[in-house]
Amino acid sequence: MKATRGCRFSFHVTVVASAIAYIYLSTVFVFIDQWLGLWSSNGVLNAVLFSVIALFCIYNYALAIYTDPGRVPKSFVPDVEDPENTVQEIKRKGGDLRYCQKCSLYKPPRAHHCRVCNRCVLRMDHHCVWMNNCVGHANYKIFFIFVLYAVIACIYSLVLLVGSITIDAPKDDQQSEGLLLVPLSLALCVFLGWHVHLILQNKTTIEYQEGVRAMWLAEKGGHVYSHPYDLGAYENLISVLGPNVFCWGCPTTRHIGSGLRYRTPF
C-alpha cells in the first residue's frame, strides 16, 4: 500500500492547477466550439476525448502530490556481506558508508537527503516545486505518466487551436492561448524526452549530474565509466513502468524491484 502525505498547497501548485483549468476550458468551449461546433457529433466526440485526457492528467497530478516518494526505514542498516548486493555507495571523502547526520540514518543506495522536505528520499530524482513534493522511488512512475498525459493534452489542444484558426481569423483570446500553449508544449516535450532518456539508462537526475563528474574522473584516470544500475534499455524501462506493456499508462502499477536493481560491474 502506498504511503500518502498531506497536501500543502503552494503558489506553484496553484499555478499548475490554474493552467490546467484554463487550457481545458479554452479547448472545449473555444477551440472545439469554433472549429467543429460544441454540440455537433465531432464536437461532442472531441470534447469527451479531451475531457478524458484532462481527467487522467489531473488524477496523476494529484496522485503525484499526495504520494510519499519513499522513506528510508529507521531499521535500515547496510549489509556489506550480502553476496547479492555487490554495489555499496560510500562517501566521496573518507570512504565510509553513507550516513545522514540530519536524519540519523544510513542511506540506502540511490537515496538522498532533500533539504526542502527535510528527510531522506529513496531513489530521489529531484524536488519538484510544481508538485510541492519530491520525485522518488514510490512516485516516479506517477510523475512520468502525468508529464506524458500533459504532453498529449497540450498537443491535442494545440491541434484544435490551429483548426479553429483555419475557420476564422485568430482573435485576441486565441492569440493569448497560443502564447501559452506553444512554449508549454515545447517545454513539456523536451522534459518528457529528457526523462525517457534517463529511464532508458536507469538514471535519476541526480545520478546523471554525478555521472558527468564520475565519467570525467574515470577518463582522466584511463578507465571507462559504467553506470552500475544500467540493466539494458528494456530492463531499465520495465523496472520503472512494469513488465506488462498494457499497464504502462496506469500510474498505480509498478515493478517491485524498481530503482533498487543494479548490474554487477563484472
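At what angle do the axes of helix α1 and helix α2 cross? I looked this up in a predicted model, where local features need pLDDT of at least 70, side-chain atom pairs count only at pLDDT 80 or more, and totals for chains, interfaces and linings use all residues. Residues are numbered from 1 along each chain as its sequence is written, and side-chain values use heavy atoms, without hydrogens and water.

**Entry: α1 and α2.** I found that the axes of α1 (residues 11–35) and α2 (residues 41–66) cross at roughly 175° and come within 10 Å. The axes are lines fitted to C-alpha atoms over the stretch in contact, with angles from 0 to 180 degrees between N-to-C directions; helices are DSSP runs (H or I, at least four residues) numbered from the N terminus. The two helices are therefore roughly antiparallel (over 145 degrees). I noted contacts (heavy atoms within 4.5 Å) that involve, among others, Ile20, Tyr24 and Val28 of α1 and Phe50, Ala54 and Tyr61 of α2.

**Entry: nonpolar cores.** I then turned to the largest nonpolar core, which has 43 residues. Such a core is a set of buried Ala, Val, Leu, Ile, Met, Phe, Trp, Tyr and Cys residues joined through side-chain atoms within 4.5 Å, buried being under 20% relative accessible area with a 1.4 Å probe, protein chains only. Tyr61 and Met131 have the most contacts inside this core. α3 (140–167) is one of the elements that give two or more residues to the core, and α3 gives the most, 15. Beyond four places in sequence, Met131 contacts Val13, Tyr61, Ala64, Ile65, Asn139 and Phe143.

**Entry: α6.** I recorded Asn236 and Leu241 among the buried residues of α6. Gly242 follows α6 and has a positive phi, near 100°.

Definitions and conventions:
Angles under 35 degrees count as roughly parallel, over 145 as roughly antiparallel, 65 to 115 as roughly perpendicular and the rest as oblique. Buried means under 20% relative accessible area, exposed over 50%, partly exposed in between (1.4 Å probe, protein chains only).
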